[in-house]
Amino acid sequence: MPALLTVEDYLARVLTLGHSPRRVETVPLDAALGRVLAVDVAAAVSVPPFDNSAMDGYAVRAADLAVVPVSLTVVGESAAVSGPIPRVVPGSAVRVMTGGRVPIGADTVVPVEQTDQPAGAVPLPSRVEIRAAVRSGAHVRRMADDLAAGDPVFAAGDLVTPAALGAAAAVGVSSLLVWARPRVAVLATGAELVEPGSALADGELHDSNSVMLAALAGEAGADVAWAGRCGDDPTELAALLGGLPPVELILTTGGVSAGAYEPLRQLGAGLEFCSVAMQPGKPQGYGRINGVPLLAFPGNPVSSFVSFRVFGRPLLDVCTGRRRGERARVVRAAEGWSGPPGRRQYLPVRVEERPDGTFVRPSHRRGSGSHLVASLHLADGLAVVPDEQSVVTAGEPVMLMEV
């Protein structure tokens, strides 16, 4: 029996299928969510672009507040958008709204609640009485407090999130240069697979794998150009693969094990099949078909899900240019379970936040059964148990990999 590859050794082989992203495109902000930046981005303008007020109140000179209460002449107003604003000179004040420009000469804003004037839509008074001392600089947002024009905002490889879109707009950027999404085909093999929702004959199963893998690939930044299924005939499979639309990666499930009907194995040249020291997901395959990289996962749905998380997503990160740190943390087992000796276990678990820490327990009573797809959505992550450990006891630390 051939030796099992470690997860790390097999991942290194898989990543050779990837390439540095080659195509870039410029997209407007409203089309950039979820894309990966191809270049560093600097601020086009400062944020804030001018000194402005953090409160509704009166812009004054702090030197005029040495003794309070004090009455000051109101010489004008500064709203969020307004024309020329009078200069603040000794003994004067300018009414200012939140976000309004702080006038020249003022260094402090006194909230309206600390004056004799009512809040709300009231006429501009001729005078205002300041009733509380306020420190110099209070309630003033200085120009470039957040970022100055030319400061770095994003780095190449960053994911464009909703917060990043807000930041881009704030610094004066209207479009972003991003890597083009890699085009991916997803194929589930198995004569037993039929369209989800159709009536099942004896021995048939609804095809959940192509639906799930297409969603996982899309979530990881791919453009899924085609998704479907085929039977166990290697001739049919070869014809289907040869007729796919242009893609840069093919993801398949099934046909990689040691059974009599394993069409991917029967394709022959271009693919290599390995046994990896993990559970679930031991049988794996990779290579190129018609020059296109292909990553083959086991047909059991949980095995396919785990395999994508461990191998497929890192490969797509190479193809999309995304920089992504591994998100894992140490938690504790809420109950004990066992695993296969000599193989790293990836167990779907639910997270429980308790006063004494974070705990996890198997998301299904049958543990990491590779067929338990209908309960897979209940998992918050994967508990990763080292290959030298076959038993986890209640209260023991375990590594949690987020999905």
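Mentor: Buried means under 20% relative accessible area. Keep that in mind; this is a predicted model.

Trainee: Where does that put Y286, buried or exposed?

Mentor: Y286 has 11% relative accessibility, so Y286 counts as buried.

Trainee: And how many aromatic pairs are there in the whole structure?

Mentor: A search of the whole structure gives 2 aromatic pairs. One of them joins Y10 and Y286: the ring centres are 5.7 Å apart and the planes are at 80 degrees, so the pair is edge-to-face.

Trainee: Which parts does the pair of Y10 and Y286 tie together?

Mentor: Y10 is in helix α1 and Y286 is in strand β19, residues 283-289.

Trainee: What about Y10, buried or exposed?

Mentor: Y10 counts as buried, because its relative accessibility is 0%.

Trainee: What geometry does the pair of Y10 and F311 have?

Mentor: Edge-to-face, with 4.9 Å centre to centre and 90 degrees between the planes. F311 lies in helix α6, residues 301-320, and is 301 residues from Y10. F311 is buried too.

Trainee: Which residues end up in the cluster?

Mentor: Y10, Y286 and F311, linked by ring pairs.

Trainee: New topic. Where is D9?

Mentor: D9 is in helix α1, residues 7-15. D9 is partly exposed, at 42% relative accessible area.

Trainee: Last one. What sits over the ring of F359?

Mentor: The charged end of R354, 4.1 Å from the ring centre.

Methods. Residues numbered from 1 in each chain as written. Predicted model: local features only at pLDDT ≥ 70, side-chain atom pairs only at ≥ 80, totals over all residues. Heavy atoms only, no water. Helix = DSSP H or I, 4+ residues; strand = E, 2+ residues; numbered from the N terminus. Buried < 20%, exposed > 50% of the residue type's maximum accessible area, 1.4 Å probe, protein only. Phe/Tyr/Trp six-rings, centres within 6.5 Å; stacked < 30°, edge-to-face > 60°. Lys NZ or Arg CZ within 6 Å of the ring centre and 35° of its normal.
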